[in-house]
Every structure is written in C-alpha cells, then in structure tokens.
Amino acid sequence: LKLRELLVKYLSPTSRVVDFGGGIGGTFINHCDLVSIGQHWTVIEQPSFVKAGKELAQSYEMPIEFYSTLTEISWLVDIIIISSVLQYLPEPYLILDQILELNPQFIIIDRTAFIDMGNELWWAQDEPTYYGAPISYPICPLLEKRVLASLKGYQIIDRWQNPFDPQQPAHRGLLLSRCA
C-alpha cells in the first residue's frame, strides 16, 4: 500500500535501491512493474536468504543483487527500504549508523514497532496462526525519538500506519529525506 505509493513517487529510471532485510527480493518482485533497466536493486539479508535469493535471481534472470551486510555496498544509494526488520535486530542503531554512512537521499522505515515513551525492552511476539503453527520470537519496539535522533541530517516527510500491521505495539512507517 504505502510502500508502493512511495516507490511510484520517488523511484527514478536510474534509482539505486537497497532493501535491508528484504528476504529473497519480495519488494522487488511485488513491484517489478515499477522497475526499469537503469535501476540498481540490492537486498541485504542473512546468508541463507542471500544464497536462496541469488539462486532465484539467476533462475528468473532478475536484475537484483544480494549481500549479507551493508558494508559490502560501495556505490551511491538513492533509496533504502527498511521494512519490518529493525525491531528484531540485536543492534538496530549500529545498522542505522551504517545506513547513514551510505548517505541515501531517502530512507523508508516501514512496518516498524515503535513506542513513544519508556524503555526499549524485549518482548515475546506470539504468532498463533500466521505461520501455520504457533510460534513466538523476540521483538524490541524502538523509541521513535531515539531512531530519529540517530538519523542526523534527515527530516521526516511522511508518517503512516498500515491497516494490516499490529496495533500493539504500534507499527508505523516513516519516510525521511536527506536535508539539503
């Protein structure tokens, strides 16, 4: 929904996009009608996903690259997408520091568990049916003001909540643009 709207608005024919935590290229696949030949798409993921993503990209001749760390990127980045991943990382602020080093024009933080006050504490996220069997895993909702403070040199352009995201803790999205 909102992510597609942002891609329609901000993708250019030569955009260099990094999808951090992008699985095996789901954003690219779901929005392939917006992809043009001059664009450069990269997914950063866990090694097992990188391996599967590379195999998928090769099998279907998709122009997408896969790496396991942001530090492997040595080119300019226009847009970085961080969707439903920061709240699951043990060191999200280290990742945000690495993103700042890439100096993208736009940062899209989507489907992220935020809190407005209190402490960032680990919870157990229970999913009784989504994966076909009950499962739980750790989640740490992030203080939005701390995330924004760590992204020095960026300003908020837009905020949203996806209607399908959890309400507790509140999952929100932010579009940030590099200050001139």
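Figure 1. Helices (H or I, at least four residues) and strands (E, at least two) are DSSP runs, numbered from the N terminus. Asn103 sits in the loop that links α4 (92-102) to β5 (106-115), and it has this positive phi although it is not a glycine. Most residues other than glycine have a negative phi, and most peptide bonds are trans. Asn103 counts as partly exposed because its relative accessibility is 40%; buried means under 20% relative accessible area, exposed over 50%, and partly exposed in between (1.4 Å probe, protein chains only).

Residues are numbered from 1 along each chain as its sequence is written, and side-chain values use heavy atoms, with hydrogens and water left out. Because the model is predicted, local features need pLDDT of at least 70 and side-chain atom pairs count only at pLDDT 80 or more, whereas totals for chains, interfaces and linings use all residues.

**Figure 2. Helix α4 and the elements that cover its buried residues.** The buried residues in α4 are Pro92, Tyr93, Ile95, Leu96, Gln98, Ile99 and Leu102. Their cover includes the strands β1 (16-20), β4 (79-83), β5 and β8 (142-143), together with helix α5 (144-150). Contact means heavy atoms within 4.5 Å.

**Figure 3. Phe20 in strand β1.** Phe20 belongs to strand β1 and counts as buried because its relative accessibility is 8%. Not counting residues up to four places away in sequence, Phe20 touches Ile44, Leu70, Ile81, Ile82, Ser83, Val85, Leu89 and Ile95. Phe20 and Glu5 are 15 residues apart in sequence, and their C-alpha atoms are 19 Å apart in space.

**Figure 4. Leu151 in the loop between α5 and β9.** Leu151 is placed in the loop between α5 and β9. The residue is buried because its relative accessible area is 1%. With neighbours within four places in sequence left aside, Leu151 is in contact with Leu96, Leu100, Ile107, Ile109 and Leu176. Leu151 and Asp97 are 54 residues apart in sequence, and the C-alpha to C-alpha distance between them is 7.8 Å.

**Figure 5. Asp158 in strand β9.** Asp158 is part of strand β9 and counts as partly exposed because its relative accessibility is 22%. Leaving aside neighbours within four places in sequence, the contacts of Asp158 are Lys2, Gly173, Leu174 and Leu175. Asp158 and Gly173 are 15 residues apart in sequence and 8.1 Å apart in space, C-alpha to C-alpha.

Figure 6. Arg111 is found in strand β5, with a phi near 55°, a positive value in a residue other than glycine. Arg111 counts as partly exposed because its relative accessibility is 29%. A cis peptide bond joins Gln168 and Pro169, with omega about -10°. Pro169 lies in the loop between β9 (154-160) and β10 (171-178).

**Figure 7. Cys32 and Cys140.** Cys32 counts as partly exposed because its relative accessibility is 47%, whereas Cys140 is buried because its relative accessible area is 7%. A search of the whole structure finds zero disulfides, a disulfide being a pair of cysteine sulfur atoms within 2.5 Å.

**Figure 8. The chain that contains these sites.** The secondary structure of the chain comes to five helices and ten strands. The C-alpha trace spans about 45 × 45 × 30 Å along its principal axes. The radius of gyration of the chain is 16 Å, which agrees with the value near 16 Å for a compact globule of 180 residues; this radius is taken over C-alpha atoms, and the globule rule is 2.2 Å times the number of residues to the power 0.38. Buried residues make up 46% of the 180 residues. Of the contacts with a separation of 6 or more, 69% are between residues 24 or more positions apart.
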